[in-house]
Amino acid sequence: MDMIDPTFTEPFEYSINQEDIKLPIKLIKEWFRSEVYNNDEFENQISNAISKIRFLKNIRCGFRIFQSNEVEIKKERIRISDSEFNTGNIITKRFRKSDMMCIFVATAGPELEKESKELMSKGEMLEGYLLDVIGSELAEEAGNILEGKLNGIVSHYGFQTTNRYSPGYCNWDVSEQQKLFRLLPNGFCGVNLTESSLMIPIKSISGFIGIGEKAEREDYQCNICDVEYCFKRNKNE
Amino acid sequence: MENILEKIALCVERGKVNKASLFPADLKGEEGADELTLKAINSGIHPSEILNAGLIEGMRRIGEKFRLNKAFVPDVLISAKAMNTAMIHIKPFFLSNEIKSKGKVLIGTVMGDLHDIGKNIVGMIIRGGGWEVIDVGVDVTPKKFVETARTEKPDAICLSALLTTTMLNMENIVTEIKGVFPKMPVLVGGAPLTMEYAKSINADFYSPDPQKALDFLNNIKHTK
């Protein structure tokens, strides 16, 4: 079996409920490694900043599944429908056991980054940076929620999923976002792409998740990649 | 005198803004860069000495720690806040020409790119090093760089980019700037950049961290 109900191959979009979001203080604190921030006052400040999430109205995620007859995993490339992606050796390897492909987008929406920039321009640098960090983690959390929804659907058919991989990481050029977004409806999840392949809102993520009977998840491994400047590497090390 | 200047440097280095600030926890309740700078001025220490031996020295230390991965973005942010707060007391002496900045730098994130935290950090370290910084913002076109350079007459221009796609726009911007100001030093920086790329687009300097950019600027000032 390498197909799922065709209903699920239409683009799916979700507004994320506040109660589904898990953003622990500990996760945000990882960005503030210095001893200066190791105190109750700063934890309260993080907690107050996280509480702003309940006012956000545009946290969204969505995906489109491509059936196996539309997907071809090559040596260093992946073809989906009529688009060929130059995903490179590192990423393509992770999809070898996948038959189908999910293209996804998830976003924290525009509000946090707007407020962050306003604070920074007023000289409230730390407060602005804190919101920026929360925005980044919120976009990732929206991606986690999306993975949960996707797994809920595909596991019903006996399929498993890979990790999510995005253009801009592991030598997959960020300009490939253009092809990725062409496979989704315009303004999908409220996210648009600039000519320079920057997603607006900035606090958004996009990419591929492989689907198949033998598709596998792996621990996130920075040692498979040689991009020194990657923020995930800096955060994980 | 040395003692109060050292205290100011420490407050800037550790991001102790004023007496009311909660961080760092071990300095809670103590005077910060704000009060100490005012105290130093009132005790007759020349503002240029407060600036150089106190504020700039504190920023130099945090910049160095950042370069060595011993301090992180949030540390630089609160150091800059401490410095900026103290600078409110120093600014009138710039206006009365009792002290002078080292020069003027134009900084911006290149066309197509909206990321500004990296640029802001570099701007803070350069400002903290005694330079006047004109921040032209994000998504800056070649035309805007050139026009602002015409009006502001900076000593150098810094370009920032975070994406491999927007990094490519730097070449056009450097060409445009050099076309109008052939001797203008242009510094480039940002996550995907390399020294090789900087050379290939005719930039004068690639800086992997803010402190190196400041060192380069201080050097061109000495050789001018």
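**Close-up views of a predicted two-chain model**

**View 1. Overall fold of chain B in the predicted model.** Chain B is built from ten helices and five strands, and, like the rest of the structure shown in these views, it comes from a predicted model. The C-alpha trace of chain B extends over about 50 × 35 × 25 Å along its principal axes.

View 2. Seven helices and ten strands make up the secondary structure of chain A, whose C-alpha trace spans about 55 × 35 × 35 Å along its principal axes. Because a compact globule of 237 residues would have a radius of gyration near 18 Å, the 18 Å of chain A agrees with such a form. The pLDDT of chain A averages 90, and 93% of the residues score at least 70. Within chain A, confidence is highest in strand E6 (residues 100-107), at a mean of 98, and lowest in helix H7 (residues 231-236), at a mean of 58. Where pLDDT is low, the predicted coordinates should not be read in detail.

**View 3. The contact between chain B and chain A.** Chain A contributes 29 residues to the contact and chain B contributes 26 residues, and the area buried between the two chains is about 2300 Å², with carbon and sulfur atoms giving 69% of that area. Seven residue pairs, with both residues at pLDDT 80 or more, are in polar contact between chain B and chain A. On the side of chain B that touches chain A, the elements that give two or more residues are helix H4 (73-95), helix H5 (117-128) and helix H7 (164-167) of chain B. The largest share of this side, six residues, is supplied by H4(B). Sorted by class, the side of chain B that touches chain A holds 15 nonpolar, six polar and five charged residues.

**View 4. Salt bridges between the chains and within chain A.** Side chains of opposite charge can pair when their charged atoms come close. Over all chains the structure holds 30 salt bridges, and four salt bridges are counted between chain B and chain A. In one salt bridge, Lys81(B) pairs with Glu127(A), and the closest N and O atoms are 3.8 Å apart. Within chain A, Lys97(A) forms a salt bridge with Glu216(A), where the closest N and O atoms are 3.3 Å apart. Lys97(A) lies in the loop between helix H3 (88-94) and E6 of chain A, whereas Glu216(A) lies in the loop between E10 and H7 of chain A, so this pair ties together parts that are 119 residues apart in sequence.

View 5. Most residues other than glycine have a negative phi, and most peptide bonds are trans. In chain A, the peptide bond from Ile200(A) to Pro201(A) is cis, with omega near 0 degrees, and Pro201(A) is placed in the loop between strand E9 (199-200) and strand E10 (204-212) of chain A. In chain B, Phe23(B) and Pro24(B) are joined by a cis peptide bond with an omega of about -10 degrees, and Pro24(B) belongs to the loop between helix H1 (2-14) and helix H2 (33-42) of chain B. Asn171(A), although not a glycine, has a positive phi of about 70 degrees; Asn171(A) is located in the loop that lies between strand E7 (160-165) and helix H6 (177-182) of chain A.

Key. Residues numbered from 1 in each chain as written. Chains lettered and ligands numbered in written order. Heavy atoms only, no water. Contact = heavy atoms within 4.5 Å. Buried area = accessible area lost by both parts, 1.4 Å probe. Salt bridge = Lys/Arg side-chain N within 4 Å of Asp/Glu carboxyl O. Polar contact = N/O pair within 3.5 Å; in protein donor to acceptor, adjacent residues only side chain to side chain. Helix = DSSP H or I, 4+ residues; strand = E, 2+ residues; numbered from the N terminus. Nonpolar A, V, L, I, M, F, W, Y, C, P; charged D, E, K, R; others polar. pLDDT = per-residue confidence, 0-100. Rg over C-alpha atoms; globule rule 2.2 N^0.38 Å.
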